[in-house]
Each structure stands twice: as C-alpha cells, then as structure tokens.
Amino acid sequence: MTMKKTDFSGIMQSKVTWAVIAEALILLVCFLIRPDFFSISYQPSTGMLYGSLIDIVNRSAEITIISMGMTLVIALGGTDLSVGALVAVAGAIALKFLRWDVLTYTTPGDYTVYPYILVLGVPLIVCALMGLFNGFLVAKGGIQPIIATLILMVCGRGIAQILTDGKQFTTGYSPFRIIGQGSFLCLPMPIIITVIVVIAVALFTRKTAFGAFVESVGVNPSASRLSGIKAGSVILIVFMITGLLSGIAGLIYSSRIMSNDSNNAGLNFEMDAILAVVIGGTNMAGGRFSLAGTVIGSLIIRTIVTFVYYFGIVAEATMAFKALIIAVVIVLQSEPVRRYFAKRSALRQARSGGAK
Amino acid sequence: MAGVTKKQSLWGRLTNPKYIMVYATIAIFLVIYAFGAFLYGNKGFLTVRTFVNLFIDNAYFGISAVGMTMVLITGGIDLSVGAVASLTGMFIAYGTTVLHLHPLTCIFAALVMGVGLGLLMGWVIHYLNVPPFITTLTGMFFARGVCSLISRESIDIHHPMIDALAGWKIYLMKFADGKWVRIKPIAFINFNVILFLAMILIGAFILQRTRFGRNIYAIGGNEQSAALMGLPVGRTKVLVYGFNGLCSVLAGISYALYVKSGWNLSLQGGELEVITCAVIGGTLLTGGVGYMAGTLFGVLLKSIIPALITFNGNLLSWWGKIATGLLLLLFICIQRVITASAGKR
C-alpha cells in the first residue's frame, strides 16, 4: 500500500506528468465550450480526415520536428537560437531551385527548373552544414551555444534574402505540394513526417548509447570526456541533427504556403521549440531529456493557439493567452512548487501511516 | 605589496587588462569608421551630422542596452525588452490619441507596467528558480499579446507635448567670425540622444560606484559564492530585472518620440539587437564581465553598418544583417582568444 503511494508522489513530481495534465485540462476546456471539438470527419474527395485534433497535430508538425533536435541541444545544456532562421533558409533555397530565374520562368506553374531531388536535397544539406557550423563553434571553439547560434540567427534571414534577391517566389509544383498539403493513410503528410522523425530520433537516442552520451555530456562534459566519451563529436552531431530537422521543417512550412517568406518563415520558432522542450520536462541546465514530454509540450503550444483561433479571439492576441497558460505550467513545474507538493504528499502519508 | 592599498594612477587604471574588450570594440569601431571615411568621405560620411545621426537613429536601442548589460552581467538574459518597449509605445499612442489622456499619465502607466513586469520576472527567476530565458520569453509573449489586444493597427500620436518633446533639438554651433553659427550641414542633438547618454552615465555610475553595482558583478562572477558572502542575491537580481524594465519603458518612450506612432508589431526582434549591442560591446553572456563604455561603442558599432550600407546605396539592406552576424562572430572569437590566453597565464 505504502509502495503504491510512494510511486504516486514520484509521478506527481515528474514534470512530464504536469505537462500531460495541462494538455488534458486545456482539451477539457475546449470540449466543455464546444462539444464538437473532438469530432473527426472523413472527406472522401481528398481522402483525408478533418477535425480540430487532426489540425492541432498537423499544425504542430514544424515545432515538433525542430524540438526533437532542440531537446538534444538542451540536454547538452545549450540552446539553439538559429532554427527559425534555418527554416527561412531552407524555404528560400527550395523555392530558388524550383523557380531559379523569375525572368525566364515568369509564371508559377506545375514545373521545377532543377530536378526535384535537388529541390529537397540541397536545403537539407545546407541546413545540416549550418547546424554543423553551430556545433563547430560550440565544440571546437568552446563558445557558449546561445551566442554561437545567435550568429546564424542574426544573419540567417539575411542569407535567405540574398539567396532570393529579396524576392518572394511562388510555385505550383505538385510533388512539392504533397510535403505540406498531401495525405497518406488518411492523415496529412506533415503528421506522417513528424511521426517518422520522432521515431527516428527516439530510436537513435534510446536504442544506441547516443542518448546516454548526450545526457552525460550535458551533466558534466569534462567527466564524460575522462570516461571516454568524445564530447566534441556528440555536440557536433547534435547540432547537425538540429540543423537538418530545421531544414525538414522549413520544407514543410514552404510547401504549406507554396512560397518562400524569408521575413516570416519560422519566425519565433526557436522560442516555441525551446518552450516545448521545457514544458515537456527537460531541464534547461542539461542532463536527462524526455522526447515524449517534448512532443506533448509542442502539442500544448499548438492547442493553445488552436483554442484561441477556434473561439474567435483576435489572432494576434494569441501570444498573451499562450503566455498566461505557459506561465501557469512553468510555475507548477518549478522546483519550489514541486517540492511543496512533494512535502505535502509526504506529510499526508506520514499522517495516514500514524493513523494506522 | 599584499595588503597595501595603493591608489592607482589614472593611466594605471585605464591600462587595466580587464578593459581589453572595451578597447577592442573602440578600435574596431574606429577601423570601420576610417574605412567608411575612406570610401564615402567625399559623400559626407565624415560630417558631424553623420556621426550624430548614429546616436539619433539608435538611441532607443542604446537606452535598452544599458539595462540589458546589467542583466547580462548577472548571468541572466531578458527577451522581453522589445515587446515591453512596443507596449509602452502602444500605451502612449492609444492613451493620447484614442482615450485623450495626458501623455504623462500614459507614461506613468507604462512605467508601472514595465517596472512591475520586470520585478515580477526577476522574482520568478530567483525565487521559483525558472530559467531567465523561459521567464522573460513568457514575458515577451505576454507583452506582445497585450499590444495586439490594445490595437492591431498602427496609431499616430498627436499631442502638443509629445510634438514639442520630439521636435526639441539643440543645434550644434561653432564659433566663427566672432559669433556662434550653426555648423553646416546642420547637426543637432535631441531629447533621445540626451536620454541615451544620461542612461549610459547612470548605468556606469551604478555599476562602478555603488554597492548594488558591485553585487551585480559578484553575482555574475559566481552566484553561490556571492550568496555565501552574505550578499543580497535575491534582492539584487529582482531589482536588476526591475531596472531593465525601466530601461525598456524609457526605450519605448524614445522610440515613440522617434516614429511618433505606436504599432503592435514594432521592435520585433529588438531584444536580439540589444543583446547583440551588448555582446559586441564586450559583455560576456556567461556573466560577470561588462562595461557601459563598451555597450556605448557596441551600439555605435552596430549602427554604423546600416549607415555604411545607406551611403553605398547599391547594397541590399540584408547585407546589414549578415555583416552584423560576422561582426558578432569576430567579437566572439576575440573574446575566446583573450579569455583562453588569460586562463593560461
């Protein structure tokens, strides 16, 4: 009996539990206000499922994908501020290859100037290399991650603008449309891509020793170096993965709008991704990380946004609501508050133990 | 020599190796200024007006950078400054134009909001142990959201007092032919520039000449030892975020005077520009190191790049972002080399 109670208090102390409770509460409020919030319908013409829940998962795809990499970066004790700018870079390169020269190919249509493999491949490679650049500054230069990635955050959008001469291209190339707007197994394509990415990152970190290496470097880089872990390589790989994932998110984003938008693509994505990770229970000081928690964190952020849209609150005011709900989640997760709850449950246990 | 307190000469104090980053910033500023003079000297780059405009066009960044430098020295970060400054502008614009309040009432309300939010964030950071990045990010979301709740459109500011304050200027004069005349091309200093320079001086005074300032450095150097020495760590940190809130509001007022309107999306990303100013001014993001003189030249250095691009006339303004990024890279490398060689010694 006592054993079970101890387990329960352990769960209450876990940050992931609080994230799940928060998400459940927000969904409950949605359901109470709009009972049809959970309804999912099938549209035979497009062969896709529709509904608020599907929409939340679909629209959270970019942040979920990026925050998979961000989880690893934060587990290392760092942050990557450049992901939003990389989203813009990926979109700019993809659209550049699709349209190349607007003067020759004046109207957007169902064509691509360069082979499709380059349209998808080059942005991903460039983003991975930019991630590698971040990792190099951190691992070999010994620079704090937040400053090292500030560099690409500041000039990344500039690079995206220069690549496209400050122009915004649009395209109608149908294979490109599939990434952001197509469907597979009745589900929107971004959800499928997200699931693949999450599973891949989870397998890579949990089925190999890599996840343990990351946590070990995050807790104590010099100790892990002494125990034979190549901290530098771990950092390089983690930043490269984050860059690559930002590239994937950038392709999804630009496929949704079938255009490149170097000013707004990925704006504040780094903030949302970091929030998703922290709400998901990974400590910003580094160490243990939870990929499942991050997925829930990302869903919470998107649920709040959908909630606000759904109930007709001014779209731009979303941020204020997001801030309030996140503030509650973060305060609940904060160390003193969790300690307070732990103390209370321990007291209750002691009291019930005394009564016996 | 140990135990003997010897008053250092001015030269001795100025050549203290701890100021080396500040000198690096000043040197690079001078190099870029000379470069601009060499390329565009004949187009008027060397005039007093161009130089003074660096202050006029970036005063609001500079005012905010004063508070940011202090926050960074404690080892924290504040991402809310752009949004709080923008919200201040909204308060003034909505208050005077829509609600017909006196600007001073709006400014007072903005001060209460900004300083209150700063103190609250400082309290959450210290007493609830939430990372500064996350706390102030939430503060940024909140302030930006409230901006949009107030209005989604840009509101012009029309009020005699604001117009008078924005239009007030001191012309720079020179003594020629026995009387004072305005220099040509006409250059002037306005309220924003004076506020900026005053805030730099106040910030330098707080950091170098008060116990509060020494506590800030001590906390940034090592928070645990500062607490063990009995320094009021919590109070200092909360007050630093409060002071930064004050700086954000003053920056917002300065920006409102500069553009004479309030817009819910103004100064987006401003917080990073401000952090960039502080970093290229020699402030370490790890805390413990930073000087107001460095921040002053950091602001000038960051603002001279757009000026050069304007003088060139052919370059896309996006090159400015890339140049700023490269400058940041250069400074980080210099800092790295200096700290590494200091560690070896």
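Figure 1. Residues 24 or more positions apart account for 78% of the contacts in chain A that have a separation of 6 or more. The model is a predicted one, and its chain A contains 16 helices and four strands. A compact globule of 356 residues would have a radius of gyration near 21 Å, and chain A, at 22 Å, agrees with that expectation. Taken along the principal axes, the C-alpha atoms of chain A fill a box of roughly 85 × 55 × 35 Å, and 48% of the 356 residues count as buried.

**Figure 2. Close-up of the packing of helices α14 and α15 in chain A.** Helix α14 (residues 291-310) of chain A packs against helix α15 (residues 318-333) of chain A at an angle of about 135 degrees, and the two axes are 10 Å apart. The crossing of α14(A) and α15(A) is right-handed. On the side of α14(A) the contact is made by A:I301, A:I304, A:V305 and A:V308, while α15(A) contributes A:T318, A:F321, A:K322 and A:I325. By class, the residues in this contact of α14(A) with α15(A) comprise six nonpolar, one polar and one charged.

**Figure 3. Close-up of the contact between chain A and chain B.** The contact draws 40 residues from chain A and 34 residues from chain B. On the side of chain A that touches chain B, α7 (145-163), α13 (269-279), α15 and α16 (335-355) of chain A each supply at least two residues. The largest share of that side comes from α7(A), with 12 residues. Sorted by class, the side of chain A that touches chain B has 27 nonpolar, nine polar and four charged residues.

**Figure 4. Close-up of A:G218 and its surroundings in chain A.** A:G218 lies in helix α10 (residues 210-219) of chain A and counts as buried, with 26 C-beta neighbours inside 10 Å. Leaving aside neighbours within four places in sequence, A:G218 is in contact with A:A75, A:L76, A:G77, A:G286 and A:G287. For one of these pairs, A:G218 and A:G286, the C-alpha atoms are separated by 4.7 Å, although the two residues are 68 residues apart along the chain.

Figure 5. The secondary structure of chain B comes to 14 helices and six strands. The radius of gyration of chain B is 21 Å, close to the 20 Å that the globule rule gives for 345 residues, so chain B is as compact as a globular protein of that length. The C-alpha trace of chain B spans about 60 × 50 × 40 Å along its principal axes, and buried residues make up 47% of its 345 residues. Among contacts in chain B between residues at least 6 apart in sequence, 76% join residues at least 24 apart. In the close-up, the axes of helix α9 (residues 211-221) of chain B and helix α11 (residues 233-259) of chain B come within 10 Å and cross at roughly 105 degrees, which makes α9(B) roughly perpendicular to α11(B). The residues B:F212, B:N215, B:I216 and B:I219 in α9(B) meet B:V233, B:T236, B:K237 and B:V240 in α11(B). This contact of α9(B) with α11(B) has, by class, five nonpolar, two polar and one charged residues.

**Figure 6. Close-up of B:T135 in chain B.** B:T135 has its place in helix α6 (residues 132-150) of chain B and is buried, with 28 other C-beta atoms within 10 Å. Not counting residues up to four places away in sequence, B:T135 touches B:M121, B:V124, B:I125 and B:V130.

Figure 7. A:C186 is found in the loop between β3 (183-184) and β4 (187-188) of chain A, and its phi is near 65 degrees, a positive value in a residue other than glycine. A:C186 is partly exposed, with 13 other C-beta atoms within 10 Å. B:L267 lies in the loop between β6 (261-262) and α12 (270-280) of chain B, with phi near 60 degrees, again a positive value in a residue other than glycine. B:L267 is buried, with 28 other C-beta atoms within 10 Å.

Methods
Residues numbered from 1 in each chain as written. Chains lettered and ligands numbered in written order. Predicted model: local features only at pLDDT ≥ 70, side-chain atom pairs only at ≥ 80, totals over all residues. Rg over C-alpha atoms; globule rule 2.2 N^0.38 Å. Buried ≥ 20, exposed ≤ 12 C-beta atoms within 10 Å, placed from the backbone. Contact = placed C-beta atoms within 7 Å. Axes fitted to C-alpha atoms, helices over the stretch in contact; angles between N-to-C directions. Left-handed = near helix turned anticlockwise from the far one by under 90°. Nonpolar A, V, L, I, M, F, W, Y, C, P; charged D, E, K, R; others polar. Parallel < 35°, antiparallel > 145°, perpendicular 65-115°, else oblique.
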